[in-house]
Amino acid sequence: MIFQRALRRELMSIAGAVFMTLFTITVTMMLIRILGQAAKGRVASEDVVALIGFSALSYSPIIIVLTGFISVLLVITRSYQDSEMVVWFASGLSLTRWLRPILEFAVPVVILVMLFSFFITPWSYYQNAVYRARFDQREDLARVSPGKFQESAKKDRVFYVEKMAEDMSYVENVFIHNVRNGNISVVVSKEGTVRTNEKGERYLVLDDGLRYEKSADPPEFRLLEFERYTSLIDNSRETDYITNSIRALSMKELVAQFVVTPRAKGEMLWRVAQPIMAFLLMFLAVPLGFVNPRAGRSFNLLLALLLYVAYNNLTSVMQTSVSRGRISLLAGWWPLHLLIALIVIGLYAWRLGTNSRRHPMVMWVAWRKRLRERRAK
């Protein structure tokens, strides 16, 4: 009981440190990416914090899976490194005695991964889609940031405004580049105002400016000087970003599309695979954590990382194959997990037989010893 309590305490402590490290790295990467999108005008600056939070939640299942795997691996590796395992085995205890405390640590982790994978992550994808779709449906003038060139929602106009009132009713030093049906026009003005007609349509009214026009048929160039120029602010753009995102579907909606859509089957495979990965990887870390106390543990950690990357990528390959209808869900979800389970059982058998005379490593060492003795004679 003392051993189990100490092991659980150490696992929880290391898991907290590993999770905070991975979560901080993820949030930093999301911060850099979303701030770049906000600087380019792809997302609203006031939505940056919310989008970072939703993106971090969407990556949480992977972070939790890695947290459980790395935590168990570090604890086992430290026990070998500090020669605690030597004392453990010398006392006549087996490596299987570690399974119960590891299982007690793994069950809450797997349940947490299931909650995120089945419910929280789809909700975060949906909210992320809602924020981005809401920004895409904003009026062209509302998307403009003073001092920056900004493309319109329909990708046919480019705006530049040097100054803008807080209520967006007044602008100064305006530049509008418009391309339509092969015709190019450029409008520059010192100032303008935003007005609304009786139909609720909003217009940008510019005063004292120039309009440059270049037509394709017939090819000609014109320069117009105006006292007042009116441009419609287009706010009729629609987007299907939310409906096209299979990851934003709740479990209820995903089950409803499960029979009809192969993409839904692929998404279901991915969501179910996350808790299975968490469970198998934590038990894989026990035999994988073996290190020579006299040697370093870099190779051990590198091997564990490569195994996780291969496992995760192969799961993505299976998901893609099922989503595209290349293989059925029944044939795609279990072979990879069965292979990893067999690897776990094989490694346990390898480690449990380390002290046996028939173990390959023991036989190799004994053969080398006999060979040296023959050479000495």
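A residue counts as buried when its relative accessible area is under 20%. Thr121 has a relative accessible area of 8%, so Thr121 is buried. The model examined here is predicted. In this model, Thr121 sits in helix 5, which spans residues 99-136. Its contacts, apart from neighbours within four places in sequence, are Leu57, Ser58, Pro61 and Phe116.

The overall make-up of the protein comes next. The chain holds twelve helices and six strands. It has 377 residues, and 38% of them count as buried. Among contacts between residues at least 6 apart in sequence, 59% join residues at least 24 apart.

Helix packing was then examined. Two packed helices are described by the angle between their axes and the distance between the axes. Two pairs, both involving helix 9, are described here.

The axes of helix 3 and helix 9 come within 11 Å. They cross at roughly 155°. Angles over 145 degrees count as roughly antiparallel, and helix 3 is therefore roughly antiparallel to helix 9. The crossing of helix 3 and helix 9 is right-handed. Helix 3 contributes Ile62, Val65, Leu66, Phe69, Leu73, Leu74 and Thr77 to the contact. Helix 9 contributes Asn300, Leu301, Ala304 and Tyr308. Nine residues of the contact between helix 3 and helix 9 are nonpolar and two are polar. None is charged.

The second pair is helix 9 with helix 11. Helix 9 covers residues 298-323, and helix 11 covers residues 335-352. Their axes lie 10 Å apart, at an angle of about 160°. Helix 9 and helix 11 are therefore roughly antiparallel to each other. Helix 9 and helix 11 also make a right-handed crossing. On helix 9, the contact is made by Tyr311, Leu314 and Thr315. On helix 11, it is made by Leu336, His337 and Ile340. The residues of the contact of helix 9 with helix 11 comprise four nonpolar and two polar. Again, no charged residue takes part in the contact of helix 9 with helix 11.

Ser83 is not a glycine, yet its phi is positive, at about 65°. Ser83 lies in the loop between helix 3 (60-81) and helix 4 (84-90). With a relative accessible area of 32%, Ser83 is partly exposed. Asn173 also has a positive phi, near 50°, in a residue other than glycine. Asn173 belongs to strand 3, residues 170-180. The relative accessible area of Asn173 is 33%, so Asn173 is partly exposed.

A further site lies in strand 5. This strand runs over residues 202-215, and Ser215 is part of it. Ser215 is buried, with a relative accessible area of 16%. Ser215 and Gly182 are 33 residues apart in sequence. In space, the C-alpha atoms of Ser215 and Gly182 are 7.1 Å apart. Not counting residues up to four places away in sequence, Ser215 touches Asn183 and Glu220.

Notes. Residues numbered from 1 in each chain as written. Predicted model: local features only at pLDDT ≥ 70, side-chain atom pairs only at ≥ 80, totals over all residues. Heavy atoms only, no water. Helix = DSSP H or I, 4+ residues; strand = E, 2+ residues; numbered from the N terminus. Buried < 20%, exposed > 50% of the residue type's maximum accessible area, 1.4 Å probe, protein only. Contact = heavy atoms within 4.5 Å. Axes fitted to C-alpha atoms, helices over the stretch in contact; angles between N-to-C directions. Parallel < 35°, antiparallel > 145°, perpendicular 65-115°, else oblique. Left-handed = near helix turned anticlockwise from the far one by under 90°. Nonpolar A, V, L, I, M, F, W, Y, C, P; charged D, E, K, R; others polar.
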